[in-house]
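Open the model in your viewer and keep the selection tool at hand. The tour goes from stop to stop, saying what to select and what is there.

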Amino acid sequence: MKRIVGVHGVGQHRPGLSATQAAEELAETWLKALARGAGTATADVGDLAVAYYSDLLRRPGRQGGAQGLDDLDPAEEELVLDWLREMDLPAGVAAGRATGAIRQSLSWLAQTWGLGAPLTEWFVSTCFREVHAYLQGYDGSARFRVRARIAETLAAHPPDVVIAHSLGSVATYETLWAYPHLKVDLLITLGSPLALPYAVFDRLEPLPLNGRGQRPPGVRRWVNLADPGDIVAVPPGGVEAKFDGVDLDRSGTVPIHVFDFHRVANYLATSRVADLLGPPPA
């Protein structure tokens, strides 16, 4: 039975729960989704633990998920603008620095995806608030504490497979570079923003060399999967194009859900993930 460690993405804060309780709750959700994709019982999926870190991204005195675009600080807003530059907005759609211009851009994107504008604004503000909290944070320490939390989970639960979603793929990538003694047979990244220019790619530690990132030294195989409509995993095909050592035969697009394009449960329930967790091909 495979040993699996999951690393969650944005929007997973569990107020009122300890980090241990939150990790256990997420592990149950992940197991159910993996079992659904494999058509098996949760007990047959594998031994799974989730590295929970969302609590480390909370700014003291700042309330959580109720905030929207109007509550973004200038650095968080800058990340949104870096992301919007990659979204191929049509002429006439504003992408300026003012919140009103950002809201106009998001309104166009919401109509394009068939999503509600309030949901799109909430998702984007939550996503980039947490991306900023990880990359810079209110005191600069969150990045190191998140890596240490992930490394502790990997050391306590040595995995055959690490599945990292969204922002978790960025934190896991940096963790595996910062702790090169950690060995992983298979790294699966889902809906990853690792290749997003300026906002993420150009801020990675270690910095990419000559425009190329590298597979972490302790990882034997790396597979990246992204829904073609996942607005976080941009630019499309970017991880495979920007990073050496990604398995091009197994990586690629994987349609998951027309509405919940970034939800981890939909990624985990795909047959592609089930195949990766199954026995290797003969």
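**Stop 1**

Select S166, which lies in the loop between strand β3 (161-165) and helix α6 (167-178). The model is a predicted one. S166 is not a glycine, yet its phi is positive, at about 60 degrees. Most residues other than glycine have a negative phi, and most peptide bonds are trans.

**Stop 2: two cis peptide bonds**

Go to P206, in the loop between β4 (184-190) and β5 (213-214). Select E205 together with P206: the peptide bond from E205 to P206 is cis, and its omega is near 0 degrees.

Then move to P235, which is in the loop between β6 (219-226) and α7 (238-242).

**Stop 3**

Select residues 99-113, which form helix α3, and residues 117-135, which form helix α4. Two packed helices are described by the angle between their axes and the distance between the axes. Here the axes of α3 and α4 come within 9 Å and cross at roughly 120 degrees. The crossing of α3 past α4 is right-handed.

Which residues meet where α3 and α4 are in contact? Show the side chains of R103, L106, A110 and W113 in α3. They meet A117, T120, E121 and V124 in α4. Of the residues in this contact, five are nonpolar, one is polar and two are charged.

**Stop 4: a cavity**

Rolling a probe the size of a water molecule over the atoms shows where empty space is left. How many cavities of 30 Å³ or more does the count give? The count gives one. The largest cavity has a volume of about 40 Å³.

To find the place, select W83, C127, F128, V131, P193, L196, V200, I231 and V232, which line the largest cavity. Helix α4 gives the most to this lining, with three residues. The lining divides into nine nonpolar residues, with no polar and no charged ones.

**Stop 5: an arginine and its neighbours**

Finish at R149, in helix α5 (residues 142-156). What does the side chain of R149 reach at 2.5 Å? It reaches the backbone oxygen of Y52. Leaving aside residues up to four places away in sequence, R149 touches A19, Y52, Y53, D55 and L56.

Conventions. Residues numbered from 1 in each chain as written. Predicted model: local features only at pLDDT ≥ 70, side-chain atom pairs only at ≥ 80, totals over all residues. Heavy atoms only, no water. Axes fitted to C-alpha atoms, helices over the stretch in contact; angles between N-to-C directions. Helix = DSSP H or I, 4+ residues; strand = E, 2+ residues; numbered from the N terminus. Left-handed = near helix turned anticlockwise from the far one by under 90°. Contact = heavy atoms within 4.5 Å. Nonpolar A, V, L, I, M, F, W, Y, C, P; charged D, E, K, R; others polar. Polar contact = N/O pair within 3.5 Å; in protein donor to acceptor, adjacent residues only side chain to side chain. 1 Å grid on protein atoms, 1.4 Å probe; cavity = no way out; pocket = protein on both sides within 12 Å on 5 of 7 lines; lining within 4 Å. Points joined across faces, edges and corners; volume = space filled by probe spheres on them.
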